[in-house]
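Please keep the sequence and the model in view while reading.

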Amino acid sequence: MQQPPLDDIRARFAAAPWEAIAPTSLGVARKVPSMLSETERKLYFWAARDWAQGRGAIVDLGCFAGGSTACLAEGQRQAGHGAPIHGYDRFTATSGVKKRVLQPAGIPPFRGRDILPVAQALLSPWSDRVTLHPGEIEENGWHGGPIEILVLDACKSTEAIDRMSQTFYPALIAGGALVIQQDYFHWRQPWIAAQMERLADHFVPLAPCPDSTMIFFCRKPPDAAALVRAACTRMRDKDLIAGVQSARARLAGFGMTDRFDHMIAAIRANPGQRIAWRFERP
Ligand SMILES: C[S@@+](CC[C@H](N)C(=O)[O-])C[C@H]1O[C@@H](n2cnc3c(N)ncnc32)[C@H](O)[C@@H]1O
């Protein structure tokens, strides 16, 4: 199916139509615990309901207990499409995360770290369309054909982002796929902005979505050579900083300059660090 001109797509996203969606439109998906902001949940729902045309899979990398996947699945259900939805996670949670995220959402306390049964139960309203892939995303791979929406919320190290992009980006639908970078503006993960700059010929920035998301349109999927050139594991700190500075300039119109400044300060305060959770606040 033909997509409208890029300027029309940009204008559509600039209007942030997901913001006007009533939370009740998400139905039971609202009840599935999530680490996302309410606006991000509405974005996921909107993307699956109003952007996707059912031309390819919806892939959620880092779905935790299923909150993000539920929003995508409910949006797709309401649109009447049937493309497969794939949720990837190691499906484990510490006792702190269980207390902070699961119990307030009504999940009774349980023993152990395994949350796969919880996610399966929470996603049961959409079990006809959702397949879960427990384990390390980097080791699970992709064998599912074209991808129309790719959500990334697990690029917590340079090694992870390189392996995930090499696995999933080549399957993106040219001139049709959305890439939703959940942690794009997170100061602990500056490699996401740096990598997207090196892939600027392939992805068009469309809109930010608070708290930390940036949405991109896939003009053409990167091939293996482009992904090698964009690899983050080989970037020195000065390359990372240059990448973030480039993103700061290119995305200036989105009003997120302070978030890029925070990333640059974080790189300077954490020399050589490439794992998000080890970053110290600058
Ligand atoms: C911020 S949480 C995701 C939140 C989720 N989208 C939601 O709606 O609540 C990030 C998730 O990514 C998962 N994750 C991070 N790195 C991973 C990896 N390399 N392989 C598998 N899962 C990973 C974590 O287990 C965690 O559940």
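In this predicted model, Phe168 has a relative accessibility of 0%, and because buried residues are those under 20%, Phe168 counts as buried. The same cut-off applies to Trp142, which is buried with a relative accessible area of 14%. A search of the whole structure finds 13 aromatic pairs, and the points below take up some of the rings involved.

**Phe13 and Trp46**
- The ring centres of Phe13 and Trp46 are 5.2 Å apart and their planes stand at 90 degrees, so this pair is edge-to-face.
- Phe13 belongs to helix H1 (residues 6-14) and Trp46 to helix H2 (residues 38-51), so that the pair links distant parts of the chain, 33 residues apart.
- Both Phe13 and Trp46 are buried.

**Trp142 and Phe168**
- The rings of Trp142 and Phe168 have centres 6.0 Å apart and planes at 45 degrees, so the pair is tilted.
- Because Trp142 lies in the loop between helix H6 (137-140) and strand S4 (147-152), while Phe168 lies in helix H7 (residues 158-168), the pair ties together parts that are 26 residues apart in sequence.

**A cluster of rings**
- Phe13 and Trp46 also belong to a cluster, linked by ring pairs, in which Trp18, Trp51 and Phe217 take part as well.

**A charge over a ring**
- Lys98 lies over the face of Phe110, at 4.2 Å from the ring centre.

Technical notes. Residues numbered from 1 in each chain as written. Predicted model: local features only at pLDDT ≥ 70, side-chain atom pairs only at ≥ 80, totals over all residues. Heavy atoms only, no water. Phe/Tyr/Trp six-rings, centres within 6.5 Å; stacked < 30°, edge-to-face > 60°. Helix = DSSP H or I, 4+ residues; strand = E, 2+ residues; numbered from the N terminus. Buried < 20%, exposed > 50% of the residue type's maximum accessible area, 1.4 Å probe, protein only. Lys NZ or Arg CZ within 6 Å of the ring centre and 35° of its normal.
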